[in-house]
Amino acid sequence: MLEIKGIVKQFGAFRALDGVDMTIERGKVTLLIGPNGSGKTTLINVVTGVYKPEAGRVYFHDDGKTLDITGWPPHKVFAQGIVRTFQIPQIFQKLTVMENLLAVARGQAGEGVLNAMREGRWAKQEEELAERAFEILDLVGLGDVWDRYAYSLSAGQMKLLELARALMAGAKLIILDEPIAGIPIAQAHAIFQTIRDVNAKGVTFWVVEHRIDIAFKYVDYVYAMASGRVISQGAPDAVAKDPKVIESYIGG
Ligand SMILES: Nc1ncnc2c1ncn2[C@@H]1O[C@H](COP(=O)(O)OP(=O)(O)OP(=O)(O)O)[C@@H](O)[C@H]1O
Ligand SMILES: [Mg+2]
């Protein structure tokens, strides 16, 4: 779905990405690991249009077409259905879970739904949007808290709300940078299980995560980076055993 070829990104004299090749396969959950400062977030920033690379290309394959999205601005990348959760405006703490989803649909009559909920007048389009929002909330396990204020959610539920909002925005490829950082272990497993549930509906994932003891149980394919390069790739079992990967963590 995403083909990353020979990406080089410099910050002054420092080469943060040194010729990165990576393929994010459609319908899969791909994990990216690597020590602090290895270039993971920088790579995501290049793909999502935050940084322009000095060299290399990013191709997006969708609907039987190939788009060269290298250097596209973030809103254009987003419009293709490549959604990094923090590209969506932040969660509105003082709105309910449902209202947070409808706010994403702004421009597709999301505000109409909010008014309809308050005034009890429903147009067909508004009803369909609300229905879609409820389906998404059920899928991510937030169906029971749809009318709770966002500020009252647990940290794990807020992550799930971000995921729900990405889906509401029409995401085909969801990019998550450390989705379970700081989340208690049971909830962390629940978040990765939800990623699998959403993936089963056809959404592709590209996830960066440090807590590999948890993440490795849920992903299809792993890339490992160190010092701006890919040093290993393959099935989780194989990458976990790769001496180059072990050494990169021990050597710092
Ligand atoms: N805007 C910037 N200006 C200068 N240097 C930067 C910038 N962004 C990142 N870097 C440097 O590039 C390197 C890669 O950073 P990056 O944030 O991509 O690492 P990472 O793999 O995401 O690390 P972590 O696991 O800690 O999130 C680091 O040495 C970082 O200091
Ligand atoms: Mg990072």
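The model is a predicted one. Its chain contains ten helices and ten strands. With a radius of gyration of 19 Å, close to the 18 Å that the globule rule gives for 252 residues, the chain is as compact as a globular protein of that length.

**Overall build**

- The C-alpha trace spans about 60 × 40 × 35 Å along its principal axes.
- Of the 252 residues, 39% count as buried.
- Among contacts with a separation of 6 or more, 63% are between residues 24 or more positions apart.

**The six-stranded sheet**

- Six strands line up in the order E6-E7-E8-E3-E9-E10 to form an open sheet, and their pairing is mixed.
- Strand E6 (82-84) and strand E10 (229-234) are the edge strands, each pairing on one side only.
- From one strand to the next, the twist averages 20°.
- Helix H10 (residues 243-250) lies across E9 and E10, and runs at about 135° to E10.

- Is strand E8 (residues 204-208) mostly covered or mostly exposed? Strand E8 is mostly covered, with five of its five residues buried.
- Cover is found on both faces of E8: Thr-204, Trp-206 and Val-208 are buried on one side, and Phe-205 and Val-207 are buried on the other.
- Strand E7 (residues 173-177) runs parallel to E8 and is joined to it by five bridges; Ile-175 has Trp-206 in E8 as its bridge partner.
- E3 also runs parallel to E8, with four bridges between them, and Leu-31 stands opposite Val-207 in E8.
- Strand E3 (residues 29-33) pairs with strand E9 (residues 221-226) as well, in the parallel sense over four bridges. Here Ile-33 stands opposite Ala-224 in E9.

**The nonpolar core**

- In soluble globular proteins, nonpolar side chains tend to be buried together.
- The largest nonpolar core in this chain has 68 residues, and Ala-133, Ala-164, Ile-174 and Val-207 touch the most other members.
- Helix H6 (residues 155-168) provides the largest share of this core, seven residues.
- Why does the core lie between domain 1 and domain 2? Domain 1 (1-88 + 170-252) and domain 2 (91-168) both give residues to this core, so the core lies between them.
- Leaving out residues up to four places away in sequence, Ala-133 touches Met-98, Leu-101, Leu-102 and Met-168.

**The two domains**

- The domain assignment gives domain 1 (1-88 + 170-252) and domain 2 (91-168).
- Taken over C-alpha atoms, the centres of domain 1 and domain 2 are 27 Å apart.
- The contact takes 15 residues from domain 1 and 14 residues from domain 2.
- On the side of domain 1 that touches domain 2, helix H7 (residues 185-200) gives the most, with six residues.

**A closer look at Val-219**

- Val-219 is found in the loop between helix H8 (212-215) and E9.
- Val-219 counts as buried because it has 24 C-beta neighbours inside 10 Å, and the cut-off for a buried residue is 20 or more.
- Apart from neighbours within four places in sequence, Val-219 is in contact with Val-29, Thr-30, Leu-31, Val-207 and Pro-236.
- Val-219 and Val-20 are 199 residues apart in sequence, and 21 Å apart in space from C-alpha to C-alpha.

How values were computed. Residues are numbered from 1 along each chain as its sequence is written. Chains are lettered from A and ligands numbered from 1 in the order in which they are written. This is a predicted model: local features need pLDDT of at least 70, side-chain atom pairs count only at pLDDT 80 or more; totals for chains, interfaces and linings use all residues. Helices (H or I, at least four residues) and strands (E, at least two) are DSSP runs, numbered from the N terminus. The radius of gyration is taken over C-alpha atoms; the globule rule is 2.2 Å times the number of residues to the power 0.38. A residue is buried if 20 or more other C-beta atoms lie within 10 Å of its own, exposed if 12 or fewer, and partly exposed in between; C-beta atoms are placed from the backbone. Two residues are in contact if their C-beta atoms, placed from the backbone, lie within 7 Å. A nonpolar core is a set of buried Ala, Val, Leu, Ile, Met, Phe, Trp, Tyr and Cys residues joined through C-beta atoms within 7 Å. Domain bounds come from an automatic or database domain assignment. Two strands pair if DSSP finds at least two bridges between them. Axes are lines fitted to C-alpha atoms, for helices over the stretch in contact, and angles run from 0 to 180 degrees between N-to-C directions.
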